[in-house]
Amino acid sequence: MTTAPPADPSNRSRLALRRFILVAVWLPVALVAVALVKQLIALPQLPATVAVHWNAAGEADGFAPAWTQPVITVLFGLGLPLLMAATSLPGLRRGDTGPTYRLMGAAAAAVSAVVTVSLTWTLSMQVGLDVVSQAPTVWAALIASLIAGAVVGVGAWFLQPAARPVAGSAPPAEPLTLAPHERVLWMRSVSMTPGAAIAIIAAVVLVAVSAVLAWTTGADTTLAWILTGVTILLLLLAATTLAFHVRVDDTGLHVDSVLGIPRFTVPLADVRSAARVEVVPMGDFGGWGVRIAPQGRRFGIVLRAGEALEVTRRNGRRVTVTVDDAATAAALLEALVLRAATRS
């Protein structure tokens, strides 16, 4: 009996990249192109002003020039998917794969389908209207767009290759040599990469500006409070996750935000093994920050790509912290666990 050789990882990566570009870039381009053709054909038969917003009862309550609908279709139906694709393409081009990339590709296609179907439907249903305020209810368009998004998203998911198998735990580090009563402390600090930090700060500023505009322009009070709450939440998340102190001592592993919270600890008695590993944030954890990996029973404090300390708990769960000199930290933890075992 013979077994087929394992698939070439480079072939899998190239296939993942090609399929991702197909569903996250070319499919939205095609959807927007079809939508634009239909909308431009309908424009001469539309009133100069059309309904663009409906209230909770499904009645038109917001209006704009008809030509804005094709513009919005391009901005959201193509702009949003391309923005989502831009966050994933660098990792895919480096040969990385993972369920996060597959999900981003499916989400980009689904967003484009929802936007193009909803905007084209709501514009087409106003053809021939004399009084734009009598535009039909939006429920049919909304339901159709959600169904289209679900169908396209699921199809885009299955069109992309399955994620790579989850990597097993790395081999434990070689323990350092410690004297029976020697006290040793290892400490490092780690901060988020400048690019990721700038992106987080930009998101906070954008939401904060939106909140200020909502309060000063007389927007709906509920929306203004929601934006204010999101701004505060993002500020707290940014302040508590941009940098951490990492410490290994005879009590175990300690990872503390520079503000003191959140704090994460793995007691020495709960350490099964420790190792130095390489981490790709998008592929392994779906992004940066305090993360739970989509597979593999891994929890991570992921502030950059590269080397990381990975501690496997006795229950098999793994805690991963991206930090410099991770090999020394892993070797010290192994030595401390070994010494504690000899004492018991």
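Helices (H or I, at least four residues) and strands (E, at least two) are taken here as DSSP runs, numbered from the N terminus. Counted in this way, the protein has nine helices and eleven strands. The model is a predicted one, in which local features need pLDDT of at least 70 and side-chain atom pairs count only at pLDDT 80 or more, while totals for chains, interfaces and linings use all residues. Residues are numbered from 1 along each chain as its sequence is written, and side-chain values rest on heavy atoms, with hydrogens and water left out.

The overall dimensions come first. Along the principal axes, the C-alpha atoms of the protein fill a box of roughly 90 × 65 × 30 Å. The radius of gyration, taken over C-alpha atoms, is 26 Å, whereas a compact globule of 344 residues would have a value near 20 Å by the rule of 2.2 Å times the number of residues to the power 0.38. Of the 344 residues, 43% are buried, where buried means under 20% relative accessible area, exposed means over 50%, and partly exposed is in between (1.4 Å probe, protein chains only). The protein exposes about 18,000 Å², of which carbon and sulfur atoms supply 69%; such areas come from the Shrake-Rupley method with a 1.4 Å probe, and for residues only the protein chains shown count as cover. If a contact means heavy atoms within 4.5 Å, then residues 24 or more positions apart account for 65% of the contacts with a separation of 6 or more.

Q39 is placed in helix α1 (residues 9-42) and counts as buried, at 1% relative accessibility. Its C-alpha atom is separated by 8.0 Å from that of Q69, 30 residues apart along the chain. Not counting residues up to four places away in sequence, Q39 touches Q69, P70, T73, L119, T120 and L123. T49, in strand β1 (residues 49-54), counts as partly exposed at 36% relative accessibility, and the C-alpha atoms of T49 and A64, 15 residues apart along the chain, are separated by 5.4 Å.

Which residues surround L309, once its neighbours within four places in sequence are left aside? L309 lies in strand β10, counts as buried at 0% relative accessibility, and is in contact with V248, L253, A274, A275, V319, T320, V321, V323, A326, A329, A330 and L333. P90, by comparison, is 219 residues apart from L309 in sequence and 24 Å apart from it in space, C-alpha to C-alpha.

With Lys and Arg counted as positive, Asp and Glu as negative, and His and the chain ends not counted, the mean positions of the 25 positive and 19 negative charges are 6 Å apart; the place of each charge is taken as NZ of Lys, CZ of Arg, CG of Asp or CD of Glu. The structure holds eight salt bridges, a salt bridge being a side-chain nitrogen of Lys or Arg within 4 Å of a carboxyl oxygen of Asp or Glu.

One of these salt bridges joins R188 to D325, with the closest N and O atoms 3.0 Å apart. Because R188 lies in strand β3 (residues 186-191) and D325 in the loop between β11 (318-322) and α9 (326-343), the pair ties together parts that are 137 residues apart in sequence. R188 is partly exposed, with a relative accessible area of 34%, and D325 is also partly exposed, with a relative accessible area of 24%.

Another salt bridge is formed where the side chains of R313 and D270 meet, at 2.4 Å from N to O. Since R313 lies in strand β10 (residues 306-313) and D270 in the loop between β6 (263-267) and β7 (271-279), this pair ties together parts that are 43 residues apart in sequence. R318 forms a salt bridge with E310, the closest N and O atoms being 3.3 Å apart, and both R318 and E310 are buried. Salt bridges that share partners also join R276, E278 and E307 into one network.
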